[in-house]
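Subject: The structure you asked about

Hi,

Here is the structure I promised to pass on, with my notes on what turned up in it.

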Amino acid sequence: MIRRVGFDALLVGCATLALTFLAAPIVALFTQVPLRDVPGLLGHQAVRDALAVTLRTNAVANALILLVGTPAAYLLATRRFRGLELLITLVELPIVLPPAVAGIALLAAFGRGGLLGDELAGAGIVLPFSEWAVVLAVTFVAAPLYLRQAIAAFGAVDPQLADAARTLGASKARTFRRIELPLASGGLAAGWVLAFARGVGEFGATIVFAGSVRGETQTLTLGIYDQLESDFDAALAIGVLLVALSAAVLLSFKLLTAWRRSSSTSPSPFARSRSISA
C-alpha cells in the first residue's frame, strides 16, 4: 500500500512539474502585457509590415506545397520501386535539420556561386535576401510535414476502390479526383495544418537565406527578434498573436484527426453498395 501511494505521488509530482514548466512561459506571455493593449501594439507600422510579409509569403508557399506536394505524395504512396524508402527519407530530412543548416543549404543551392545560383543569376533571377527567399525557406521547412502526412493519407486508401473504378472505365486522373483524393482529404487537411503552423513559425532558415529587412523579408517571428530591443511590449504582443494562432492550428489538427478517426470507423457507402450488388 505504501509503495503504491509513493508511486502515485511520484507520478503526480512529475506531471505537476512538467505542466508547470510548460505552462509558465505561456501564462507569463499573457500577463506581462495587458490584453487590452495588444490591439494597439499590433497596430504599430513595423508589426503591420511583418504581418503583411508573413501572410504574402505563407500564402504563396502553401499554394506551392498543396499544388506540387499532393501529386508528389500520391506518387510516393501508390508506387513501389527501388530506392523508394531512401527517397522518402530525403523528403523527410528537412524536418530534423537544424534551422540554420536549412538556411545555409538554401544559400548553397540558390545563392551566387551555389549549385543553381549562377544559372539563375544569368537569367536575371536573384533569390537570396528577397521576398521569394522567404517563400522558399518556408516551403523547404514546411513541405515535408505535409508530404509525410499526405503519403500516409493516400497509403490508407483502399486500393480496391480505385481498381473497381478503373474496371468501370474511369481514367487514372478521374479515379484520383473522384475517389482517392476525397477519401484522403482528412489526412491532407491535417498535414496542411501542420505545414501552415511550421511555416508561420519559421525563423532560422529565413534569417540566414532571406535576412530581416522590414517590409520585405521580415516576418512575424523575425519581427519579435527585431522588437526585443526597441519595443519589448510590441514583441510580447506579436508573441500573444502567434500563441493564439498556434492554439487555433493545434485545435484544428485535433478536430481533423478526430473526424478522420470517426469517419474511418463509420460504415462506408462503398461497402453498402457492394453488399447490395452482391
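Leaving aside its neighbours within four places in sequence, Gly 114 is in contact with Ala 108 and Ala 109, where contact means heavy atoms within 4.5 Å. Gly 114 sits in the loop between helix H5 (99-110) and helix H6 (117-122). Is Gly 114 buried or exposed? At 17% relative accessibility, Gly 114 counts as buried; buried means under 20% relative accessible area, exposed over 50%, and partly exposed in between, with a 1.4 Å probe and protein chains only. Gly 114 and Leu 90 are 24 residues apart along the chain, and their C-alpha atoms are separated by 20 Å.

Before going further, a word on the ground rules. This is a predicted model, in which local features need pLDDT of at least 70 and side-chain atom pairs count only at pLDDT 80 or more, while totals for chains, interfaces and linings use all residues. Residues are numbered from 1 along each chain as its sequence is written, and side-chain values use heavy atoms, with hydrogens and water left out.

**The overall picture**

The chain has 13 helices and zero strands. Helices (H or I, at least four residues) and strands (E, at least two) are DSSP runs, numbered from the N terminus. Along its principal axes, the C-alpha trace spans about 75 × 70 × 35 Å. Of the 278 residues, 33% count as buried. Among the contacts in the chain with a separation of 6 or more, 72% come from residues 24 or more positions apart.

The chain exposes about 16400 Å², and carbon and sulfur atoms supply 68% of that area. Such areas come from the Shrake-Rupley method with a 1.4 Å probe; for residues, only the protein chains shown count as cover.

**Charges and salt bridges**

There are 22 positive and 17 negative side chains, and the centres of the two sets lie 15 Å apart. Lys and Arg count as positive and Asp and Glu as negative, while His and the chain ends are not counted. The place of a charge is taken as NZ of Lys, CZ of Arg, CG of Asp or CD of Glu.

Side chains of opposite charge can pair when their charged atoms come close. How many salt bridges does the chain have? The count comes to four, a salt bridge being a side-chain nitrogen of Lys or Arg within 4 Å of a carboxyl oxygen of Asp or Glu. Three of them are described here:

- Glu 131 and Arg 56 meet at 2.8 Å, N to O. This pair links distant parts of the chain, with Glu 131 in helix H7 (residues 131-155) and Arg 56 in helix H3 (residues 45-78), 75 residues apart. Glu 131 is partly exposed at 27% relative accessible area, and Arg 56 is partly exposed at 38%.
- Arg 148 and Glu 92 meet at 3.5 Å, N to O. Here too the pair links distant parts of the chain: Arg 148 is in helix H7 and Glu 92 in helix H4 (residues 84-96), 56 residues apart. Arg 148 is partly exposed at 48%, and Glu 92 is partly exposed at 27%.
- Arg 198 forms a salt bridge with Glu 202, their closest N and O atoms being 3.1 Å apart. Arg 198 is partly exposed at 27%, whereas Glu 202 is buried at 2%.

**Aromatic rings**

The structure holds six aromatic pairs. Rings of Phe, Tyr and Trp (its six-membered ring) pair if their centres lie within 6.5 Å; planes under 30 degrees apart count as stacked, over 60 as edge-to-face and the rest as tilted.

One of the pairs is Phe 154 with Phe 176, which is tilted, at 5.9 Å centre to centre and 35 degrees between the planes. Phe 154 is in helix H7 and Phe 176 in helix H9 (residues 172-200), 22 residues apart. Phe 154 is buried, with a relative accessible area of 4%.

Phe 203 and Tyr 225 also pair: their ring centres are 5.8 Å apart and their planes at 65 degrees, so the pair is edge-to-face. Phe 203 lies in the loop between H9 and helix H10 (204-209) and Tyr 225 in helix H11 (residues 220-230), so the pair ties together parts that are 22 residues apart in sequence. Phe 203 is partly exposed at 29%, while Tyr 225 is exposed at 56%.

Finally, Tyr 74, Phe 154 and Phe 176 form one aromatic cluster.

Best wishes
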